[in-house]
Every structure is written in structure tokens, then in C-alpha cells.
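Work through the exercises below with the sequence and the model at hand. Try each task before reading its solution.

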Amino acid sequence: MTVKIAVAVDEKISKYVQALARSEPESYSDIVRALLEEGYKREIEKLHASYSRGEITLRGMARRLGLNYRELYQSLADKGLPL
Amino acid sequence: MAASRHLPSAISYLLSAIRHTCRLAILAERCYNYSERRDRRQTLNKESSKAQTKLLFDTSSLITAAQFGVGAQFLIEFVAGYAQVIIPEGVKAEAVDLGLQAGYSDALELDRLIKAGAITVAKAQPADPPFETVVAAYDVEPGDVEILRLCRLTSDYDHVVVDDRLLYLILHRFTMRPIFLPDLIVVVAKERAITEEIGEQLLKAIRSRYRTGFIEHSLLMLKGML
């Protein structure tokens, strides 16, 4: 499921996305989406590392990601990240 | 005349045959009674073992146990056949209620086991003030607190099954007998509630959910090599 969001970003980021859009076949919104998804993926990996070190619980990780426990469990399974 | 001469020995033979038959009957009865007693004892042992073994479960271990199994039987069914499984209300909400909403088949299985009485849902009330103070200091989530409270309030459980690293550590510091799900499989096999072969298959079935090393470790424990 996808949702549309409108965000204001720093001008430098906007210039970077425009430069990429000129050199890549993807559209401006495709590039912004890819950047956001990459950032989200890194955040999950960072939180999972934090969980693995025993700094937060799975529930703490779920709350930080805005997911419920079930969604987190499935998300970790889909990404091949261990409990 | 000849017949009357043979009569005493015939009677003696007859009496001997009756005595022999009686002895056989007594022996057969004793064998039957022994067999019946043994069966009854085995049933009682099985029942008392189940009644005596009490396991508390956290959500991730419960979901994993309801998603993986051997043949047509899920791991949670093997566990529920071995022990009384207890979960706090928060774990039910996370594993069953949210799972049913999202359409997970393991949630259906867990719901079935709860309705069948194989899994009991318990309320985790706040415990004594010193305990609550320490738990608050850990700053963990409400669901984690429920697990800790239930352990505090349930005195006679055997293990709390948990795969969450930090929660395991806190439970261990409270000497609340945490156990990882893979190691529970080893315990169930050692207690002969499942065969070693089934235990091995179950460990291999859940391998994808664990960090490398966990299952290898449990497999060697299962085989008595550690």
C-alpha cells in the first residue's frame, strides 16, 4: 500500500534530486521515493543493530518505527533479520 | 474294576490340572493388573508432568512457535502437549488480536489453542513497589513490563520463553528463568515429550528466525554434546 506525502526539503537536497533527475531516467518523485526508502531501510538496520546489542527491546524498536508488534515481526522476517 | 483302579490317579491329575489353571489365571490377573497399573502410572506421569510444567511466553517466541512445525503439527502444539502455556493479555493482543486483524494463519492457530484451554491468558497486575521501581528504571515498553509482572506474580512457573535480547537479560537479572525458544525445544526433548529426531526437525524449521550460531548451539545441546 502506498500513500502520498508532501514534504518540504532543504534546497541542497532539492538541487541534488534535480541533478539526479536530469542524468537518470527516473522522475523527480521516483528519486525522492528511493531516497526515503533507503533512509528507512538504514533506520531499520540501525534499530535492529541496537536491538541485537540489547539496548532496546523488540517493542521499543516497533514503537520507534511506528509499527505494531505484528508488523515489526513480519517486517524483520521479510528482510531476513533475526530475532 | 479297571476304571476304579485308575480313579485316584485321574482325580489327582484333574486336581493338578485345576491347580495349574488357577495358577495361570492368577498369573494372568497379576500381569493384567501390572499392565493396567503401569498404563495408569504412565498416564498420571504424563498428566502430572503437564500439570507441573508451566511456561510463560513472550510474543515473538509465541508467534514463531505457531508459524513453524514438523509435518502437520506446529511447535506450539508440541509445547502445549508438554506444559501449561500462560501468556499475559498484552501478548494475546499482539500475537492473536493483531494477527487475526491482519489475517495471519498462526493467529488463528493460537486463537484455537486459547479457546481449547491449551493456552491460558492471565492478567498481569502491578507488583510490589521495589520491583515496580526497578522495572520503571529500565524504561522498557508496556508489553515488556507485563511479561516481567507476570513472572513476578506467578510463583510456580518453570520458564519464561523469550527471544528478545534485552528482555532476556532483565529477566535473567531478576532470576526469572528465561529460556530461548530453541533451548526450550531441547528441554522438551530431554523430558522425552518429543523424540530427539522431532526436536532436531523443529530446530531446523525455526532456523531462519535466529541469528547464526543459536540453532547450531541448541542442536549440539540436543545431542548431548555440550
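This is a predicted model: local features need pLDDT of at least 70, side-chain atom pairs count only at pLDDT 80 or more; totals for chains, interfaces and linings use all residues.

Residues are numbered from 1 along each chain as its sequence is written, while chains are lettered from A and ligands numbered from 1 in the order in which they are written.

**Exercise 1. Find which residues of helix α5 of chain B are buried, and say how they are arranged.**

Step 1. Take α5(B) as residues 105-115; helices are DSSP runs (H or I, at least four residues) and strands likewise (E, at least two), numbered from the N terminus.
Step 2. Count C-beta atoms, placed from the backbone, within 10 Å of a residue's own: 20 or more others means buried, 12 or fewer exposed, in between partly exposed. B:A107, B:L110 and B:L113 come out buried.
Step 3. Trace the packing. The buried residues of α5(B) pack against α2, α3 (75-82), α4 and β5 (119-122) of chain B.

**Exercise 2. Work out the strand order of the open five-stranded sheet in chain B.**

Step 1. Pair strands where DSSP finds at least two bridges between them. The order is β5-β4-β1-β6-β7, with parallel pairing.
Step 2. Inspect the edges. β5 and β7 (178-179) of chain B each have a single partner strand, so one side of each lacks a neighbour in the sheet.
Step 3. Zoom in on β1 (54-57) and β6 (159-161) of chain B: three bridges join them. B:L55 stands opposite B:H159.

**Exercise 3. Identify the residues that touch the most other members of the largest nonpolar core.**

Step 1. Collect buried Ala, Val, Leu, Ile, Met, Phe, Trp, Tyr and Cys residues joined through C-beta atoms within 7 Å. The largest such core has 68 residues.

**Exercise 4. Describe the contact between chains A and B.**

Step 1. Count contacts (C-beta atoms, placed from the backbone, within 7 Å): 20 residues of chain B meet 17 of chain A.
Step 2. Locate them. α2 (59-67), α4 (89-102), α7 (142-153) and α8 (165-173) of chain B each supply at least two residues of chain B's side.

Terms used: Two residues are in contact if their C-beta atoms, placed from the backbone, lie within 7 Å. The arc is that of the directions from the helix axis to the C-beta atoms.
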